[in-house]
Amino acid sequence: MDYQGRKSSCATPIEAVENLTIKLGSEEGFGSYQETQIWLKEEHAIEVAYSTAHKLVRYDLYYSPKVARPFSEKQSPEMVLDFK
């Protein structure tokens, strides 16, 4: 028996993946993998598990959710500009 390699577990239609890639590359993006799940359900009528959304976005498409880092309220905008 010949080794066939790992089969793709992605059952998401190609059109949905292409649209997802465009959405992930935009400024808006997604804040979480759960938002990705919701978007797939609303836009393409595809229900996927959280783990599937995570695998698709993180490992298959090499993206991660865009989450702003917290910053201190005491932080001075002038000092930030000087630091840059």
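**Exercise 1.** With which residue does Lys23 form a salt bridge, and how far apart are the closest N and O atoms?

*Solution.* Start with the basis: this is a predicted model in which local features need pLDDT of at least 70, side-chain atom pairs count only at pLDDT 80 or more, and totals for chains, interfaces and linings use all residues. Residues are numbered from 1 along each chain as its sequence is written, and side-chain values use heavy atoms, with hydrogens and water left out.

Step 1. Apply the criterion: a salt bridge is a side-chain nitrogen of Lys or Arg within 4 Å of a carboxyl oxygen of Asp or Glu.

Step 2. The partner of Lys23 is Glu28, with the closest N and O atoms 2.7 Å apart.

Step 3. Classify the partner by relative accessible area (buried under 20%, exposed over 50%, partly exposed in between; 1.4 Å probe, protein chains only). Glu28 has 62% and is therefore exposed.

**Exercise 2.** Find how many salt bridges the rule gives, and describe the one between Asp60 and Lys55.

*Solution.* Step 1. The count comes to three.

Step 1. In the pair Asp60 and Lys55, the closest N and O atoms are 3.0 Å apart.

Step 2. Asp60 is partly exposed at 33%, and Lys55 is partly exposed at 24%.

Step 3. Another pair is Glu47 with Lys41, at 4.0 Å. Here Glu47 is exposed at 66%, while Lys41 is partly exposed at 48%.

**Exercise 3.** Determine which residues of helix H3 are buried and how they are arranged about its axis.

*Solution.* Step 1. Helices are DSSP runs (H or I, at least four residues), numbered from the N terminus. H3 spans 50-60.

Step 1. Its buried residues are Ala53, Leu56 and Val57. Viewed down the axis of H3, these fall within an arc of 85 degrees, so they line one face of the helix. The arc is taken from the directions from the helix axis to the C-beta atoms.

Step 2. The buried residues of H3 pack against helix H1 (14-25) and H2, where contact means heavy atoms within 4.5 Å.

Step 3. Ser51 and Tyr59 are exposed residues on the face of H3 turned away from the buried side.

Terms used:
Helices (H or I, at least four residues) and strands (E, at least two) are DSSP runs, numbered from the N terminus.
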